[in-house]
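Open the model in your viewer and keep the sequence panel beside it. The stops below say what to select and what is there.

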Amino acid sequence: MTFLFYTILAVFGLIIGSFLNVATLRYDPDRGFLNMRLFGGRSHCLRCRTQLAWYELIPVLSYVFLLGRCRHCKRSISLQYPIVELFTAVAFVAVPMRIESMAYMFFSGVAGALSAVHLAVSALWIAVFVLFIALAVIDFRHMIIPDFISIALAAIGVALAGVTQWFGGFSLLHGSFMGHYAMILGFRESIWVNHFFAAFVGLVFFGLIIGLSRGRAMGWGDLKLAGALGLIFGWPDIVLVLMLSFIIGSIVSVGLMVRGRKTMGDAVPFGPFLVIGAATVFFFGFRIMSLYFGSFGVV
Ligand SMILES: [Zn+2]
């Protein structure tokens, strides 16, 4: 039963992933997200405009069998297609597994992987990851984080805080991906205060960076996204999300500069790094904290 459940989720993830490819490729920063023509218009090769047959549109598989080239004009197909499809499928499977492994159900007294709590929390987090993938691709291509995505993420953050409050509050694995390490850092009186304080931390942090760099280092899109991430992750997880995204962002930027792909003055979109930081905390937050504290001999 569980295996079938996850297989269906994986297939569903591939389909949503190929839908995300269409959405991110058709996204036009001037028209915004909601005025986009998502449906209609047969899929065609972006280079030679030949309409594609159904067997050229199967997620991941078509790319592999066509060896990454259009069957008609032989020019290469963007790697974005299989990557986005694979990442979405992985998110659809790995997110509910992670929630299950966190024993959400155990703490709320509802046993079983397919309980209502598990499904509700997993569905919300899958939606978060789908939006993460869309925003990473759009920020990478257009250097912009659509408000629509940040607002949707903020709304899901409020819903997640509500679900957490409803099903046990801080007793749900201490209300944090850091597990019991979160207890040291306070703000544990109310889930709502905790999550809104985290949003405030994200906004102020990016506000300071924008102010000090006079808008050159980060943009308002990053600030709004950081606020939404605060609502989703709560305190103190938001701090780890921000730290990791800056560490990963600096490593990649230095790497690009060393390889001569970018110079100091070039802007690097920061949204993808916030997404990577957030995903890392979701999947490995507790492990990172135990490694860190373990190195001092503290459990
Ligand atoms: Zn072609």
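Select Ser-150, which lies in helix H6 (residues 147-166); helices (H or I, at least four residues) and strands (E, at least two) are DSSP runs, numbered from the N terminus. Ser-150 is buried, at a relative accessible area of 6%. Here buried means under 20% relative accessible area, exposed over 50%, and partly exposed in between (1.4 Å probe, protein chains only). Leaving out residues up to four places away in sequence, Ser-150 touches Ile-145, Gly-221, Lys-224, Leu-225 and Ala-228. Contact means heavy atoms within 4.5 Å.

Before moving on, note that this is a predicted model, in which local features need pLDDT of at least 70 and side-chain atom pairs count only at pLDDT 80 or more, while totals for chains, interfaces and linings use all residues. Residues are numbered from 1 along each chain as its sequence is written, and side-chain values use heavy atoms, with hydrogens and water left out.

**The whole chain**

Now colour by secondary structure. The protein has ten helices and zero strands, so the pattern read along the sequence is α-α-α-α-α-α-α-α-α-α. Of the 299 residues in the protein, 44% are buried. Among contacts with a separation of 6 or more, 69% are between residues 24 or more positions apart.

**Helices H8 and H10**

Next, show helix H8 (residues 220-233) together with helix H10 (residues 271-294). At what angle do H8 and H10 pack? The angle is about 10 degrees, and the axes are 11 Å apart. That makes H8 roughly parallel to H10. Axes are lines fitted to C-alpha atoms, for helices over the stretch in contact, and angles run from 0 to 180 degrees between N-to-C directions. Angles under 35 degrees count as roughly parallel, over 145 as roughly antiparallel, 65 to 115 as roughly perpendicular and the rest as oblique. To see the contact, display Asp-222, Leu-225, Leu-229 and Phe-233 on H8, then Gly-271, Leu-274, Ala-278, Val-281 and Phe-282 on H10. Leu-225 of H8 takes part in this contact and also touches Ser-150.

Go to Leu-242 in helix H9 (residues 237-258). Leu-242 is buried, at 5% relative accessibility. Not counting residues up to four places away in sequence, Leu-242 touches Gly-202, Phe-205, Phe-206, Ala-226 and Leu-274. Leu-274 is also one of the H10 residues in the contact with H8.

Step back to Pro-236, in the loop between H8 and H9. The peptide bond joining Trp-235 and Pro-236 is cis, with omega about 0 degrees.

**Ile-99**

Select Ile-99, in helix H3. Ile-99 is buried, with 0% relative accessibility.

**Two positive phi values**

Most residues other than glycine have a negative phi, and most peptide bonds are trans. Look at Met-143, whose phi is near 55 degrees, a positive value in a residue other than glycine. Met-143 sits in the loop between helix H5 (116-142) and H6, and is partly exposed at a relative accessible area of 42%.

Then select Lys-74, which is not a glycine but has a positive phi of about 65 degrees. Lys-74 is in the loop between helix H2 (61-65) and helix H3 (80-101). Is Lys-74 buried or exposed? Lys-74 is exposed, at 52% relative accessibility.

**The zinc ion**

Finish at the zinc ion. Which residues are its protein donors? They are Cys-45 (SG), Cys-48 (SG), Cys-70 (SG) and Cys-73 (SG), lying 2.3 Å from the zinc ion. Donors are N, O and S atoms within 2.8 Å of the metal (3.2 Å for Na, K and Ca); water is not among the atoms, so sites may look incomplete. In sequence, the donor residues are spaced C-x2-C-x21-C-x2-C.

The angles among the four donor atoms are 104 to 117 degrees, and the site is tetrahedral. Four donors count as tetrahedral if all angles lie between 85 and 135 degrees. The ideal angle for four tetrahedral donors is 109.5 degrees.

Cys-45 is buried, with a relative accessible area of 9%, whereas Cys-48 is partly exposed at 25%. Cys-73 is also partly exposed, at 21% relative accessibility. The structure holds zero disulfides, a disulfide being a pair of cysteine sulfur atoms within 2.5 Å.

Technical notes:
Four donors count as tetrahedral if all angles lie between 85 and 135 degrees; four count as square planar and six as octahedral if opposite donors are over 155 degrees apart and all others between 65 and 115; anything else is irregular.
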